Each structure stands twice: as structure tokens, then as C-alpha cells.
Amino acid sequence: NKRTKIKTLLAGEFVGQDVTVMGWVRTFRNNQFIALNDGSTNNNIQVVVALGMLDDATLKRITTGASLKITGEVVASLGKGQKVEIQAKSLEVLGDSDAEKYPLQPKKHSLEFLREIAHLRFRTNTFGAVFRIRHSLAFAVHQFFNERGFVYLHTPIITSSDAEGAGEMFRVTTLPMEGAPRKEDGGIDFGEDFFGKSTNLTVSGQLEGELGAMAFSDIYTFGPTFRAENSNTTRHLAEFWMIEPEMAFYDIEDNMNLAEEFIQYLIRYAMKHNAEDLEFLDQRLAEEEKQKPQAERSEMGLLEKLRFVVDNQFERITYTEAIDILLDSPAYKKKKFKYEVKWGIDMQSEHERYLVEKHFKKPVIVTGYPAAIKAFYMRMNEDGKTVAAMDILAPGIGEIVGGSQREERLDKLEQRMKDMHIPTEEMSWYLDTRRFGTVPHAGFGLGFERMVQFVTGMGNIRDVIPFARTPKNCEF
Ligand code: 4AD
Ligand code: MG
């Protein structure tokens, strides 16, 4: 099985050599020209089948979606937009694809339609580009932290705590399958009692991450998290991936610096390693923008925006300043906001987007949120009413990062937990970090899909995760 990936072939010096390629047919013209794709790049390789080389029965089987193995000589191409093509010497149909039934015809399909056939959409140019970039960003996450000596800590999926205290959890329960042995007979019909307590899918690996940071100094998690938020928006998933670094001896300032450096690193990585795919998505987005009324079009193209974000520092403001800006805005004065603006509110996405898209026109880090709207573990500021929280807001996305310096003082943390009715006995393991060698520490969570959205310019979060889980939707 010696095969050459199409990306390698198009980048290399293969003219005059025989190669074997395998992939799926995108188009077949004039019983002669096959555009073959293997997912390594959006560029197809053109394969030329000499007249008379194949019998009619085989020619009929070369349809859009069919899989082929082709061996032939690489020759310089006269065709436009391609340097080389393959002059076929042998061709084998590996798998047929009924042209009548194959849903992906060689034409433009809407994203909504493709979402319904998510099991096949990887074979389109748009999703090919999106998921290669998603892969790259995941790789870059590990590279970034590895270069800085962070330990990748695998935190559990099944937990018995609510890290965010927001009560948006999926319960874990066992299910007696038909015909399976019952509990009495040694089966697994434990219902919700398998662990002897109520358990749920994790909403965040942070609390376990903090335990790791108290030993390794710097850790990060990168795994799936689950939230039973009933929000059907273009920014929310019930199952999403989150990256959560946690650093001992960091304060909020260090935390902000790391988060900013991290986001810029990821973007730079994609710009370097996915230039072609980004170019493609840039064009796609430009087309999409043209369909919009002038006033709604974004001022920058995708690549322009990415370059801008890596070349410029993020804006840093306090929550109190953010509220003042909103109160002072033309949008507020003209009553354009749907939700109320006053000190103490949990900013809605319309407010966040005003700040980043209209006011600052760049990513913004907001710190010092009111304690009342933030999680129990955040460090209380000297004023006694705000906490050392930081959210990063990104243009076109809104909140992309949520983080904070943690409350490392045992008495203050215990008091806060009691005030918020969080059981301190059950969370004794967590409090141990404050009992034994507590240190100032901080961390944040980057929503991976929101990051992929930002880099690819995809408007809907369902289009940057292979199989989206949202309310009323768990196909596949
Ligand atoms: O702000 P959140 O809830 O923070 C935490 O979970 C902290 N424990 C993180 C930490 O400090 N270690 O979530 C962090 C990020 C958000 O900023 C957002 O990007 C993403 O996770 N996120 C979601 N992404 C997609 N769908 C959802 N339902 C999301 N909820 C949060
Ligand atoms: Mg948040």
C-alpha cells in the first residue's frame, strides 16, 4: 500500500515518476478527466484516462463519490490552475457510489443542508478546510503548552461536583438493556446508584486541574465538556471541547498575558500551516458577505482580521469601565439594546459585541466582574464586591475565554462557598489545596469551538465540530 497523498504530490517534484493515489471522485468529465480528492488538501489531482484504456462498464462506475485507486505517471499539466496531473496506467474502483443517490452533487450546497448530512460533509471543500484547521489548532494547543513545560492532565468526564455551580449538568445513570442481567443477577442496572451518589458529565475540568497545578505548577486540560444549557444559539453546544490551563504562582495579570499569547499563537500557527485552507475560507466568507446588506458587512476580511489580531495587543478594561462605555454609547441612548444596562448585570452578547465590534474593534479582556455573577472559586478583590475574573471577548464571537485568579485563602473561600450554598464537606478534597501549601494561582478556559469559529470565520458553531450536540439534536 504505497500511496502518495495528493497534498504531497502537488507540493513535490514528481514529474516523470509513477505514483499511486487513492481517493474519492469529485467530478468526471468527458469520460476522460477525473478530479480526485483524498482530504489532504482541497486541491484535487486531475487524472487523465486515455481513450480506450477502460471498458465501458468501468467508466460507468467512475461517478462522484466513488473511491478509486489509480497508478500512473505524473506529467506537467497544460490545464489551468494545476501544475501536474496523472496519466493513468491502471485504475481500480474500490467502492461504487450510486450517482442517483449520492447527496453531494458537484454543486454548491447550503450549510444547513450539509448539517443534515454531517456524516458526508467532510467531503466538501468548506468542511475539508474547517476540519483540517481544527486539527491544526488542536495540535498547536499541545505544542504551545509543551514548549512552556505544562503537564497535560486528563481530568474525569464523570464527576460528582458542579465546577461552575450553574446547575447545567447532564446526569449519569446506568441503563438496563433488554435481556441484560438485572442488578440482582450481577447486572449493571444500578440506575443512578452506580457510584453510590449522584454523578454528572463534567462542565469543566478546572477543579481537578487546580489539584494538578498544586503539584506540577503548570498544567492544562483539553477535553470534552458538557452543558445542559437550553440555548439554541450559534455559540452554544451541549458538548464542546475546552482547554483549561491552570498555573500556580500566577496572578490575574500573568493569566491575561498567557491567554493573549496563547490565542495569538494558535492563530499564527494556523496562518503558517493552513494558509491554503484559510485562503479558501477567506474567499468563501467574502462571497457570503456580499450577500448581506452593506451595513451588516464586516469591515475586515478573514485573513485581514487574523493578521490584525496577532499584530495588536488586546484591549484591557474593567467591568466597571465596560458598563460606563455601554451607558455612554449611542446604542444605549437610542435604546438599541434589548437587555438592561447597569452595574451588576451579566453582560449579554449584544453588550459584549458592542464593546468589541463597535467600540474597540479588537479583542477585549474584561476584568473585575461583580462577585455576585461569577463562580465561587474566584478571588475576591480588595473592594469586597468584585472578583479577579477575566473574560476575553472576540469580534464576531463574544466570550471566547473565561478565567480568573482563584481564591487561595481558605477562610475566604469557605465563607464564599457557604454563602453560595456549596457543600464544603463534599468538596473537602478541593479545599485541601488551600489547607496544605496554598499559593496564589490562576487559570482560564478557552472554548475550542469558539476559537475554531474565530479562525475559520464560520458563523455557526455547529459547523466547526464534526458532530454537533444541541437541544433536540443528537443525530448520528
Ligand atoms: O466561562 P466558562 O463557563 O468558564 C469555565 O468553565 C471555567 N471553569 C474556565 C476556567 O477558568 N478554567 O467557560 C469557558 C469557555 C467560555 O468562555 C466559552 O468559550 C466556552 O468555554 N463555552 C462554551 N462553548 C460552547 N458551548 C457552550 N455551551 C459553552 N459554554 C462555555
Ligand atoms: Mg464564562
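Two strands pair here if DSSP finds at least two bridges between them, and helices (H or I, at least four residues) and strands (E, at least two) are DSSP runs, numbered from the N terminus. This is a predicted model, in which local features need pLDDT of at least 70, side-chain atom pairs count only at pLDDT 80 or more, and totals for chains, interfaces and linings use all residues. Residues are numbered from 1 along each chain as its sequence is written, while chains are lettered from A and ligands numbered from 1 in the order in which they are written.

**View 1. The β10 and β15 pair.** Strands β10 (residues 239–248) and β15 (residues 441–447) run antiparallel and share five bridges. Look for I243, which sits opposite L446 in β15.

**View 2. Helices packed on the sheet.** Helix α5 (residues 206–216) packs on the sheet and touches β6, β9 (218–226), β10 and β15. Its direction makes about 30 degrees with that of β10 (axes are lines fitted to C-alpha atoms, for helices over the stretch in contact, and angles run from 0 to 180 degrees between N-to-C directions). Helix α9 (residues 319–327) also packs on the sheet, where it touches β11, β12 (364–370) and β13 (386–394); the angle between α9 and β12 is about 105 degrees. Touching residues have C-beta atoms, placed from the backbone, within 7 Å.

View 3. Eight strands line up as β6-β9-β10-β15-β14-β13-β12-β11, with mixed pairing. At the edges, β6 (151–152) and β11 (315–318) each have a single partner strand, so one side of each has no neighbour in the sheet.

Note on methods:
Contact = placed C-beta atoms within 7 Å.
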